[in-house]
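Thank you all for coming; I would like to walk you through one model today. Please keep the sequence and the structure in view while I talk.

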Amino acid sequence: MSKEDKLYEIWVYLQAEPLFWITLTLGAYLLGDYLYKKSKLNPLVNPVAISILIVSSILLIMDVSYDRYFNGAKFIHFMLGPATVALAIPIYEKKNLILREIKPIIFSIFLGIPFAILITFYLATFFKLDQEIILTMIPRNVTAPIAMGIAELIGGIPSLTAIITIITGIIGASLGTFALNIFKIKDMNARGFGFGLASHGIGTARAMSKNKTAGVFAALAMGLSGIATSIFILILIKFIY
Amino acid sequence: MLKSLFIIFLFQLAGEAIQKFFEISIPGPVIGLILLLLFFIFFLKSTSFKKIKKKISETSHQIINYLSLLFVPIGVGVVMHVNYLGDNLFKILAVITIGTLLTLVFTAFVMEKIINLQKKNVKRR
């Protein structure tokens, strides 16, 4: 057997193993995170976006299916649930600050969520998207499992909602800082809250990495908006249609 | 580490069970978050729980530090399936970009305004 054949055989063996894809994901993330820190936390050098690009290019070049990749990566994906539960702790630790700002929090939820829903509806209508796509997009600002549940309820396509939700997170995390700076919004709590409400977990991860208090407000906004959006959408949808 | 992981998993499990049982649209982990928060506020008040609280807190912060990493597997799925968006891809991207940034700025703006109002009122008293 030639050397090339042997190498090919090893590759065929390894790429069938979960370990290979877990290691690749960790490596890509470490590189992304290194570049993010090297860039002094520049939001455009978003570690999630970089690692996604590295991994998906490798999958496309090597012609590996997503199912095969996910068979390994699911072990990383699994921790998303426990990590969500763990967000209770930073919220608990900042409970006094949250109670002090309870009025602004409630107001921002009651104004921010309808704004998020209506802006998606009007923009999508403006761009002449079909009703089914509009319904698919409407719940995009909340964490993917909630968004998918809502999409199913109102007649959207849940799997597309998942894709649109993740893109929303990445856009918010990588461009949000610039938008906030243009409008000169300086308050860290308010900035964090905006990130969590507009771009759920990925926005929260960005806020956490930049400022712990902003991260807590983001986590809080993410949780509250998940609950509030499910209620608001059902009410607003009756008004829209 | 193991003890606190066990507790976090246990709360997620409870959240998932409640979600299935009552068929609510809020995902299990978010219910788990609420339960763990309530547990900390109402049941771990006494100082005798200081040690376990500290342990759970350390583990939680360690997991949250890598929150970004946990989105990579689904993110790769998005890139691999982006063609599902079909001809609408660019319109959808435009709606997402404009909509997300406007929502973010609007929410942060509202909150900052109210926080500042609150501060002024406190000063006046």
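Chain B is divided by the domain assignment into domain 1 (1-67) and domain 2 (71-125), where the bounds come from an automatic or database domain assignment, and the centres of these two domains of chain B, taken over C-alpha atoms, are separated by 27 Å. Before I go on, please note that this is a predicted model, in which local features need pLDDT of at least 70 and side-chain atom pairs count only at pLDDT 80 or more, while totals for chains, interfaces and linings use all residues. Residues are numbered from 1 along each chain as its sequence is written, and chains are lettered from A and ligands numbered from 1 in the order in which they are written.

The C-alpha atoms of chain B fill a box of roughly 60 × 50 × 30 Å along the principal axes. Its radius of gyration is 21 Å, whereas a compact globule of 125 residues would have one near 14 Å; the radius is taken over C-alpha atoms, and the globule rule is 2.2 Å times the number of residues to the power 0.38.

Let me turn to chain A, where the assignment gives domain 1 (3-78) and domain 2 (85-240), with C-alpha centres 28 Å apart. Six residues of domain 1 of chain A are in contact with eight residues of domain 2 of chain A, and by contact I mean that the C-beta atoms of two residues, placed from the backbone, lie within 7 Å.

Next comes the contact between the chains, which takes 87 residues from chain A and 64 residues from chain B. On the side of chain A that touches chain B, the largest share, 14 residues, comes from helix α12 (residues 188-210) of chain A. As one example of a residue that reaches across, A86(A) touches I8(B), S60(B), I63(B) and I64(B), leaving aside residues up to four places away in sequence.

Finally, why do we say that the length of helix α8 (residues 102-126) of chain A agrees with expectation? Its 25 residues, at 1.5 Å a residue, should span 36 Å, and its end C-alpha atoms are 36 Å apart, the expected span being 1.5 Å times one less than the number of residues. Just after α8(A), K128(A) takes a positive phi of about 55°.

Notes
Helix = DSSP H or I, 4+ residues; strand = E, 2+ residues; numbered from the N terminus.
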